[in-house]
Amino acid sequence: MDVLYAFFISFFFGILFNAPMESLFYGGLTGAGGYLVYTIAGQTPLAGVFFGSLTVGVLSEILARLKKKPTIIFTTTGLIPLVPGKLAYDTITAFIREDFSLGVSLGLQTFFSAGAIALGIAITSSVMRLYKKATQRRQ
Amino acid sequence: MNYLDVLKLTVLAGEIMIKSGAEIYRTEEVMDRIAKNYGVKYVESFVTPTGIFCAIETDEGQVFTTVRRIESRGFNLTKIDKVNDFSRRLARRHIPVEEGIAELTKVAREKSEYPRWLKVLAAGFGAFFATGLIGGQGLEMVMSLFIAMLVRSFIIAIPDLGLFPFFLDLVGGFLSTLLVVVISKFYPISLGVTVVGSIMPFIPGMSITNSIRDAIAGDFLASQARGLEAFLRVIALAVSAAVVLAFLT
């Protein structure tokens, strides 16, 4: 059920970011795939986010080549379901209640979740760059 | 061959891509590819989120250089795709320079890919499913749907005053949270999931993605600029939500 939600989140965010109409569905698939891995790979929430983001990166690169479209079309919308919005919210409310130790702990969790998203995308992007350079040199 | 027209076309392509939120290295790559396809041997492009510099050298050794200032930046994945598609087609068969300029000028003038009402609807349903994803129930999801649609309509109706860039995020976060808090006085909804869900459509997803990808490509200048943009916009959302929550709960 959550995976279906993730699909529609990415789908509708595609419209907000003016994605091409024919790629909205695939953007949704990227989001759903990333979230599916997030739920099953989530030994710890942080690992889940990392592997989810890694999946989004891999799926985007594959779809970009199949559909001959820029990778960011799929990555941008695919990442949205992984954004730690609820964690950020809980951080804020903890600070408002002046529960600083909880606030700092939640804040760090939010920070590291965002970092895990960045790391996942960074790894796939840089692997693709290496691959591209290697194929160009061969030609 | 008219080198000035080639330069014009190259810079136009770069301008559209940066204005639509493309990565720096991809923009430079597309610009180089377009110029080389018209037989320019030496082309150097230097792109930042706020400006483009491009130089081409003719066979006689003359160098033409141009600078283009980028003042407005938005998010339009379709335009990035169209310029990308143009450079792909150019690699396969020759397109006269004039035709290319005409085609890209048309792309540059295009407004948003989707009508406003559809964007409002998309923001609503984005919020609807985002609320569901973080554990919201039926009533909370429906409330997020209507709040996000209402706030988005309001944001779209505000004319572009040219205020500071995250002004709209401040307004959006503030209004969304305010509406959720008011509604929670009458209906038994969980504040947390509804606030997060209805704010979701304001998440600067493209700035975040671009910042990472620019950093990987070694464009640290652009990466910092976009990372800072994303950071400030998220902070604007969080602070405006926090202000409402601190005073009304």
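Analyst: The model is a predicted one, and the account starts with the interface as a whole. In chain A, 42 residues are in contact with 50 residues of chain B. The two chains bury about 4100 Å² between them, and 73% of that area is on carbon and sulfur atoms. Asn18(A), Ile72(A) and Tyr89(A) together supply 17% of the area that chain A buries against chain B, more than any other three residues.

One of these three, Asn18(A), is found in the loop between α1 and α2 of chain A. Asn18(A) is not a glycine, yet it has a positive phi of about 55°. With a relative accessibility of 5%, Asn18(A) counts as buried. Another residue of chain A that is not a glycine, Glu98(A), has a positive phi of about 60°. Glu98(A) has its place in the loop between α5 and α6 of chain A, and with a relative accessible area of 60% this residue is exposed.

The polar side of the interface comes next. Between chain A and chain B there are 13 residue pairs in polar contact, both residues being at pLDDT 80 or more. On the side of chain A that touches chain B, two or more residues are given by each of α1 (2–16), α2 (24–40), α4 (72–79), α5 (85–96) and α6 (100–138) of chain A. The largest share, 9 residues, comes from α1(A). By class, this side of chain A has 27 nonpolar, 8 polar and 7 charged residues.

Side chains of opposite charge can pair when their charged atoms come close. Across the interface of chain A and chain B there are 3 salt bridges. In one salt bridge, the side chain of Glu61(A) meets that of Arg213(B) at 3.6 Å, N to O. Arg213(B) has its place in helix α9 (residues 205–216) of chain B and counts as buried, at 4% relative accessibility; the cut-off for buried is under 20%. The side chain of Arg213(B) is also joined to that of Ser125(A) by a polar contact of 3.1 Å. Leaving aside neighbours within four places in sequence, Arg213(B) is in contact with residues of both chains, including Thr71(A), Ile72(A), Ile121(A), Glu23(B) and Tyr25(B).

Other salt bridges lie within a single chain. In chain A, the side chains of Glu22(A) and Lys69(A) meet at 3.3 Å, N to O. Glu22(A) lies in the loop between α1 and α2 and Lys69(A) in the loop between α3 (45–67) and α4 of chain A, so this pair ties together parts that are 47 residues apart in sequence. Lys69(A) is buried, with a relative accessible area of 13%.

In chain B, Glu103(B) and Arg89(B) form a salt bridge whose closest N and O atoms are 2.6 Å apart. Because Glu103(B) lies in helix α4 (residues 97–109) and Arg89(B) in helix α3 (residues 77–92) of chain B, the pair ties together parts 14 residues apart in sequence. Glu103(B) is partly exposed, with a relative accessible area of 26%, and Arg89(B) is partly exposed at 23%.

Note on methods:
Residues numbered from 1 in each chain as written. Chains lettered and ligands numbered in written order. Predicted model: local features only at pLDDT ≥ 70, side-chain atom pairs only at ≥ 80, totals over all residues. Heavy atoms only, no water. Contact = heavy atoms within 4.5 Å. Buried area = accessible area lost by both parts, 1.4 Å probe. Salt bridge = Lys/Arg side-chain N within 4 Å of Asp/Glu carboxyl O. Polar contact = N/O pair within 3.5 Å; in protein donor to acceptor, adjacent residues only side chain to side chain. Helix = DSSP H or I, 4+ residues; strand = E, 2+ residues; numbered from the N terminus. Nonpolar A, V, L, I, M, F, W, Y, C, P; charged D, E, K, R; others polar. Buried < 20%, exposed > 50% of the residue type's maximum accessible area, 1.4 Å probe, protein only.
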